[in-house]
Amino acid sequence: MPTSPSSSAQAAREVVARRLRALRKGAGLTVTELAGRCGWHHAKTSRIENARTAPTATDIRLWCRATDNLDQADDLIAQSLHAESMYTEWRAQVRHGLAELQRSSSQLFQDTKVFRVYSSSLVPGLLQTEGYAAGVLGLSARFRELPVDDSAEAARARVDRSAVIHQPGHTFVFVVEEAVLHHQVGDSDAMAAQLGHLLTAGALPQVSLGIIPMATPQRQQWARETFHVYDDRLVSVELVSARVRITQPSEINLYFRAFEQLRAMAVYGAEARALVLRAIEALH
């Protein structure tokens, strides 16, 4: 079972904190003595050692110099940067607008050969129509109280990015909960268009679309947070407050395991189309 992604990011920070604490203790320095050598208040040393404050590259170099371990600075800086890149708050990601956020992942999409996407709440971004995407992104803009609502532009950028589905060399495996088909975003016409698009996209040879029926007995996995697996090198998990990027092989393997169990519960082909058609009928 995947552990909490936010906990995974915190655990990565704590590894760096423990290494820094070990350097201080190995040098025989107290918290106050190390702070004096680094030129900051002793409370900062405590915050760093307890993983409450992320050290900057300069902080780490000063720490290593103070403990006579400058040769470890580059490795520690790289490890710290990795820990911080795992957990990125949405407020930082949308600083330049929702449209720019969509464009920022274009290269990742081009480089990925096999996409595995699980969603319990929304149609996956790669399968969204422009109208549905505008509804989703508009909700996001209002919830995050963005000063400029560029959700319409962002929706176009999301659809442009999704053109990767039609490019050779990529395979897409989607698993969604049946509830996704009934969570209405936008008006009935926009939702009907989105569900119709699922029928079309799900029939593409490079696309596998599985739907987990709500009446599935004896589930192996309960509904999880939305996550995307890019080949075997990156898992991206979407939380209310942040996006977590997981690159540790052991954790990626847990998501692989969860995905395969979810995929095994899904229905495909005619059975999946029947669920979509039932959702379309329910709109009228």
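The model is predicted. The protein chain has 284 residues, of which 48% are buried. Its secondary structure comprises 13 helices and seven strands.

**Chain overview**

- Among contacts in the protein chain with a separation of 6 or more, 74% are made by residues 24 or more positions apart.

**Aromatic pairs**

- A pair of aromatic rings is described by two quantities, namely the distance of the centres and the angle of the planes.
- The structure contains nine aromatic pairs.
- One of them joins Phe109 and Phe115, whose ring centres are 5.5 Å apart. The planes of these two rings stand at 80°, and the pair is therefore edge-to-face, given that angles over 60 degrees fall in that class.
- Both partners are covered: Phe109 has a relative accessible area of 5% and is buried, while Phe115 is buried at 2% relative accessibility. Each assignment follows because buried means under 20% relative accessible area.
- Another pair is formed by Tyr118 and Phe227, with ring centres 5.6 Å apart and planes at 35°.
- The Tyr118 and Phe227 pair links distant parts of the chain, since its partners are 109 residues apart. Tyr118 belongs to strand β2 (residues 114-119), whereas Phe227 belongs to strand β5 (residues 227-230).
- Tyr118 and Phe227 are both buried.
- Phe109 and Phe115 also belong to a cluster linked by ring pairs, together with Phe172, Phe174 and Tyr230.

- Strand β5, which holds Phe227, runs antiparallel to β6, and four bridges join the two strands.
- Within this pairing, Val229 has Val235 in β6 as its bridge partner.
- The two strands form a hairpin, with three residues between β5 and β6.
- Asp231 lies in the turn of this hairpin and has a positive phi of about 50°.
- Strand β6 spans residues 234-238 and is mostly covered, with four of its five residues buried.

Technical notes. Residues are numbered from 1 along each chain as its sequence is written. This is a predicted model: local features need pLDDT of at least 70, side-chain atom pairs count only at pLDDT 80 or more; totals for chains, interfaces and linings use all residues. Side-chain values use heavy atoms; hydrogens and water are left out. Rings of Phe, Tyr and Trp (its six-membered ring) pair if their centres lie within 6.5 Å; planes under 30 degrees apart count as stacked, over 60 as edge-to-face and the rest as tilted. Buried means under 20% relative accessible area, exposed over 50%, partly exposed in between (1.4 Å probe, protein chains only). Two strands pair if DSSP finds at least two bridges between them. Contact means heavy atoms within 4.5 Å.
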